[in-house]
Each structure stands twice: as structure tokens, then as C-alpha cells.
Amino acid sequence: MSDIRIRSASERRAEIQAAAASLGIDDAYISVLVDTFYARVRRDPEIGPIFEAEIADDWEPHLAKMKDFWASVAMNAGRYSGRPVPAHIKLTALEPRHFAIWLGHFEEVLKDTAPHPGAVPYFMERARRIAQSLEFAISGLPPILAQGERT
């Protein structure tokens, strides 16, 4: 007999939500994370201008969308319905190397704001997958090896 347990979507969602809650991840923290992260991104001399050129003075809707995105990623909230790949492909100034900058800021913000030390790797695992996927989409090439991986 196999020990494999098949879980329903609602059971899986409940497990993800419980894991996030155990790390202090909730809507209030997602709001802090997104607001703090984008404040840093906007000040970055390399990637800040890329965001400013696209978003200009329309930051509130973008921040709300990113809060729904990260709530969906971290807590399986199911509130995000956007399409990140086309949104990033249209940014002609965006280069694969910019994702390392993005990840660096994201990790710094997590370390500065996380409600629990375990929230940092929890988010970073997801952020790295997202960055690799977007990097691949805009470059058409496999993403640069993740930090720590060597051939």
C-alpha cells in the first residue's frame, strides 16, 4: 500500500494558509512588505527608472495589485488575476540582470521587516522562482544559475 495522501484543493489551501500564519504572514504584513519594497525599488538607480517609466504617477493601483499578488503567492489568497509575463515583456529596458537587483532588494526588505525569521526563506523561495520565470520569459534563455548552484 502506498503512503501517498491525495489532498483536495481546499485542504492544500488550508495548509498553505496555516504555514503562512505560523510565520506571521497576513494581509497587514503583505502591505508592509510591498510598500517598503517598492519604496526601495523606486530609489534604485538602475531599476527605479524602469518602474517609473511604466507606472509614473499611478502607483496606488500597482501597489494594490502587488499586494493581491503576494497574498496569493504567500497565503494562497486567490485574489490576483493578472498576467505578469506580458506585463514584464513589454518593459523594453528590463534586462535579465535586473532580476538580481530586484531579488536583492526583496531579500533586504524581508530581513528588515519579516515578522518571523522563517518568513524570509518562505518568501525568497517563491520570489526566486518568480524572478527566474520572468527572466526566462524576457530573455528567451535559461535563467542564470541560482545563487549557490554551480556547474
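Helices are DSSP runs of H or I with at least four residues, numbered from the N terminus. The model is predicted, so local features need pLDDT of at least 70, side-chain atom pairs count only at pLDDT 80 or more, and totals for chains, interfaces and linings use all residues. Residues are numbered from 1 along each chain as its sequence is written, and side-chain values use heavy atoms, with hydrogens and water left out.

Helix 6 spans residues 98–113. Trp102 and Phe106 lie four residues apart in helix 6, and therefore about one helical turn separates them. A pair of aromatic rings is described by the distance of the centres and the angle of the planes. Here, rings of Phe, Tyr and Trp (its six-membered ring) pair if their centres lie within 6.5 Å; planes under 30 degrees apart count as stacked, over 60 as edge-to-face and the rest as tilted. The whole structure holds 15 aromatic pairs. In one of them, the ring centres of Trp102 and Phe106 are 5.3 Å apart and the planes stand at 5°, so the pair is stacked. Trp102 has 13% relative accessibility and counts as buried (under 20% relative accessible area, with exposed over 50% and partly exposed in between, for a 1.4 Å probe and protein chains only). Phe106, at 1%, is also buried. Tyr122 and Phe123 form an edge-to-face pair, with 6.2 Å centre to centre and 80° between the planes. Tyr122 and Phe123 are both buried. One aromatic cluster includes Trp102, Phe106, Tyr122 and Phe123, with Trp59, Phe69 and Trp70 also among its members.

Phe69 and Trp70 also take part in helix packing. Helix 4 (residues 59–75) packs on helix 7 (residues 119–139) at an angle of about 115°, with the axes 10 Å apart. Axes are lines fitted to C-alpha atoms, for helices over the stretch in contact, and angles run from 0 to 180 degrees between N-to-C directions. Helix 4 is thus roughly perpendicular to helix 7. Angles of 65 to 115 degrees count as roughly perpendicular, under 35 as roughly parallel, over 145 as roughly antiparallel and the rest as oblique. In contact (heavy atoms within 4.5 Å), Phe69, Trp70, Val73 and Ala74 of helix 4 meet Tyr122, Phe123, Arg126, Ala127 and Ile130 of helix 7.

Helix 4 also crosses helix 2 (residues 27–43), at roughly 125°, and the axes come within 9 Å. Helix 2 and helix 4 are therefore oblique to each other. Residues of helix 2 in this contact include Ile30, Val34 and Tyr38; those of helix 4 include Leu63, Met66 and Trp70.

Conventions. Helix = DSSP H or I, 4+ residues; strand = E, 2+ residues; numbered from the N terminus.
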